[in-house]
Every structure is written in structure tokens, then in C-alpha cells.
Amino acid sequence: MAYQTINPTTNELLKTYANHTDADIEAALDTAHKLYKSQWSKGPIQPRLQVLERLADLIDARKEELARIATVEMGKLISDARDEVWIIAEIARYYARNAEKFLAPSKIDSQLGEAWVENHPIGVLLAVEPWNFPYYQLMRVFAPAIAAGNPVVAKHASIVPHCASVFEELVNEAGAPKGAWKNLFITSTQVANIIADERVQGAAMTGSEGAGSAIAAQAGKYLKKSTLEMGGNDVFVVLDDADLEKAVEIGVFSRLHISGQECICAKRFVLHENIADEFLARFTTAMATVTIGDPLDESTKLGPLSSAEAVKGLSKQVERALQNGATLHLGGKAIAGKGNFFEPTILTDVTRDNPAYFEEFFGPVAQIYVVKSDDEAVELANDSRYGLAGAVFSQNIERAKSLASRIETGAVWINTFASTAPELPFGGVKRSGYGRELSELGIKEFVNQKLVLVAKS
Ligand SMILES: NC(=O)C1=CN([C@@H]2O[C@H](COP(=O)(O)OP(=O)(O)OC[C@H]3O[C@@H](n4cnc5c(N)ncnc54)[C@H](O)[C@@H]3O)[C@@H](O)[C@H]2O)C=CC1
Ligand SMILES: CCCCCC(=O)O
């Protein structure tokens, strides 16, 4: 597995990074484990939280540089890259300012005596992360882990090594001791060996089902806790009383955000029959006229996919959907020329016997479904192997809340697009994974919630 920076706008190879060896891994695990056994991990929380505060300030100071690195390495719009840099500083500050409260002992009323739960670190964690939010995915693990006292070794996606390197550089510059966070350019086999290592107590993974299944299986075999943040096939439900102009604008934004390479974004558009034609007409016009180009250009609204392989895979997936009966309403092909560009695409008439019905399209490909009722919308939303997020548009909030409660996902957003914030839990059910990241829930995933009880005298 080669770690390379290839600019997806030009497909120019910019840099190849050397892989780490087994000896490097051993050194990283030894350092991390020794840090876990030290006062740094088990002692007062404040020194660890001060690192997060300093890290946030360092990120702010290098915002434009960091954003440009991400855009050049995986192709997201420069404005989206700035947003990502902004939110990782916010996540660092959030845990710096809330972790002590989250991890404070909590009393339990018990007839057996004075009882409480303490929250302790559990040891070295492994993070395995994807390329689509190359900094956010790392901070989502690092911030709660360091606050709790868990050192982390990290394997990032092979196409974002510059982002991985600069993140580690920032963590070290913020004053984290060696071992708090170590980036490793390693193979899947080496990941499996790390999970098996007795010094490693947990694994946090974000990515595809294939990766998640492999990592969860290995973690299960060695009795290590894992959290999985995997794919999604989120519905974007537009009811007959929705603000159509708003729904169209947000629907286009959500489907094309990060060139459609986002696990929580609008993928299956579920339209009430009374507004379906009007929505589709406006949606089609907006998708067809979006500005496609260099993601460093501020006027661009749709950049490239992350890699040439991603374009090939998406092209085959769309072709297979059409071969199985879907109708191509818009787009459908890779854009000829330099770079990994794909046309904004709309598929209709995707029936349940079409493989596309159950598939996530990790690119600017929208599927359109028409329903007659709220019940039918819920039934279709839940007829999925995934359960990550979803959105419901209606001007009747109680009606929207009712649907939100019935949709089997980890989150439902009403009258807006699915997104993220430090205080909001992130995660899903079914084949979208298990566990939660961010919020108070996220910091509790890898701590020992230890009961202490003093018997009545
Ligand atoms: N739930 C979420 O927050 C997110 C989910 N995803 C999902 O991930 C997929 C696309 O992202 P990719 O980075 O291409 O996913 P990927 O699964 O190919 O890679 C994710 C990470 O896992 C590693 N990996 C892959 N196979 C592995 C194995 N057998 N053992 C150990 N490590 C392995 C990769 O090198 C990378 O670091 C889509 O399905 C997308 O929905 C992507 C981003 C966020
Ligand atoms: C908006 C942030 C989303 C992060 C993970 C994803 O959906 O791919």
C-alpha cells in the first residue's frame, strides 16, 4: 500500500511517502504504552486539555495552509477545506472545555452503600481513517482520546499522507508527549497485527464495510472494543408541505458536498408524489448548471472525485444501475480530460430488484423515489442495509418529527442537511456501524466506567 499525494484535479503525483516498518510499529506501540502507564494518562486531566487548547490555536494560525493541503491532496473545495479546518479546532476546544465535566465521577443512589462511577483510560487505541475529511476524521478520535488519557496510533488512508503528517506535526507542536498520537504509514496486515497486540485496547475505524468488517472481526477475535463509522445511503425526504425552494437548494448542496463523497449526505431523494415533478424539475436544472472545475477556484461548486479509481468505480456502478433498469435522467459519465471529474447524475426508476436500490453511490449521483404517503416514505427509508442519517423536509414540524422518530438511522435532520458539530453524537446502526463519536457519548466509548462502592458501616 503506497502512501502518495496525487492531486485529483490533475492526477499529478506530487510525493511518495515511505512506509513504516514493523520495527517502527513496535517502537510506536512501546512509546504509546509507556505513556499510558505514566502519570500523563492516569493523572490530572488539565495538562492533556491544555494540549488541545494549544492545538486549536495552532490550527487556527495555519488555517489557509492546512485547507490548501487537503484540497490539493483529495480534491475538496477550498471553502469546504476551510470549514473542515475550522471544525477540527472547534472539536479540540470542545473537549478541552468539557471533558473534565464529562469524565467526572457520577454518584449512584444505592441501598448497598455510597457508590459512584469513575471514568478511566483503557490504554493504546488504534484509529483507522478515510480520506474524505482527512483532518476531521483524525481529530474526531484524537481529542476525546487524549482528554481521557488514551494514546493513539493511527493509520490514515493511503491517498492523504500529507494531511496525516501535518496533523501529527501539529499535535507534537501543541506539546503532546511522544506516544500521544503516532501516524503510521502501514498496510492492512500490519493493522491486523496492531489490533492483536496486547498493548492495544481498542480500535476506532471510519470507512467502508469491507474495512469495518475486517477490523471488527480482528478486534472481536482479540476481545478489543471497536467503534465503526461506515457507509450510509441517507434519504432526503421531501413531503408535500415542504418549502420546495429550500429543499432543492439544500438537496443539491448535500448531494454534491465533497463531490458526493460523504457518508452522511443526501443520496436517496424520497419525494411525495404531489411535489415530485416540480421538485425534480428544479433539482435537475440546479444539478445540470452547477460550476464544475478546480476546487481551488472559489467559484467552483463541484470538484473532482478523490482518485481515478473512484471515478472508475462510480462509472461502473452507474452503468450497472442502468443495465438493471434504472433511467438516466441526468449525467451518468466521467468528464473527459484531466482530473477525476464526474457529471452530476440523477437516476430514476430504480426498482427494488436493481442492485443500485441497496447501494451507496459515493459521488454526485442522486437516486429519485416517489411515494404516496408518510408511511411509504418511512418504509422506503428503512428498506436499507444502512442506517447512518437522513433528512426530512416539511413545514409541519410535528409531522417531520414523527417521521424522524420512525426512520432507523443514527440521526435525522429536519429542514436542513445532515452535518456534524462537536456536541452532536455521530454514528449509525445496521451496516453503517456501531458506537458514537463526538459529544459526551464519544468520549465514553473508550473509557473504563468503573463502579466504586463503600459498604454501609
Ligand atoms: N461513517 C463515516 O463517517 C464515513 C464513512 N465512509 C465510508 O468509507 C467508504 C469510502 O472511504 P474509503 O476511505 O475509501 O474507505 P476504505 O474502507 O477503503 O478505507 C478506510 C480506511 O480503512 C483502511 N482499510 C481498508 N481496508 C482495510 C482492511 N482490510 N484492514 C485494515 N484497514 C483497512 C484504509 O486504508 C483507510 O485507512 C465509503 O463506504 C464511505 O461511506 C467514509 C467517510 C466517513
Ligand atoms: C460533515 C462531516 C461528515 C463526516 C463523515 C462523512 O459523512 O463522510
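## Surroundings of ligand 1

Ligand 1 is surrounded by 27 residues, of which the closest are Glu129, Lys155, Ser208, Met230 and Glu360; a residue is near a molecule if one of its heavy atoms lies within 4 Å of it. The model is predicted, and local features need pLDDT of at least 70, side-chain atom pairs count only at pLDDT 80 or more, and totals for chains, interfaces and linings use all residues. Residues are numbered from 1 along each chain as its sequence is written, chains are lettered from A and ligands numbered from 1 in the order in which they are written, and side-chain values use heavy atoms, with hydrogens and water left out.

Several polar contacts (pairs of N or O atoms within 3.5 Å) involve ligand 1. A polar side-chain atom of glutamate 360 is 2.7 Å from an oxygen atom of ligand 1. Backbone N or O atoms also take part: one of glycine 207 lies 3.2 Å from an oxygen atom of the ligand, and one of glutamate 229 lies 3.2 Å from a nitrogen atom of the ligand. Of the 820 Å² of accessible area that ligand 1 has on its own, the protein covers 83%; such areas come from the Shrake-Rupley method with a 1.4 Å probe.

## Surroundings of ligand 2

The shell around ligand 2 consists of Asn132, Phe133, Tyr136, Gln137, Glu262, Cys263, Ile264, Thr420 and Phe426. By class, five of these residues are nonpolar, three polar and one charged, where Ala, Val, Leu, Ile, Met, Phe, Trp, Tyr, Cys and Pro count as nonpolar, Asp, Glu, Lys and Arg as charged, and the others, Gly among them, as polar.

Asparagine 132 places a polar side-chain atom 2.7 Å from an oxygen atom of ligand 2.

## Domains

The domain assignment, which is automatic or taken from a database, gives domain 1 (3-230 + 430-455) and domain 2 (235-414). Their C-alpha centres lie 30 Å apart. The contact between them (heavy atoms within 4.5 Å) takes 25 residues from domain 1 and 30 residues from domain 2.

How values were computed
A polar contact is a pair of N or O atoms within 3.5 Å; within protein, one must be able to donate a hydrogen and the other to accept it, and residues adjacent in sequence count only if both atoms are side-chain atoms.
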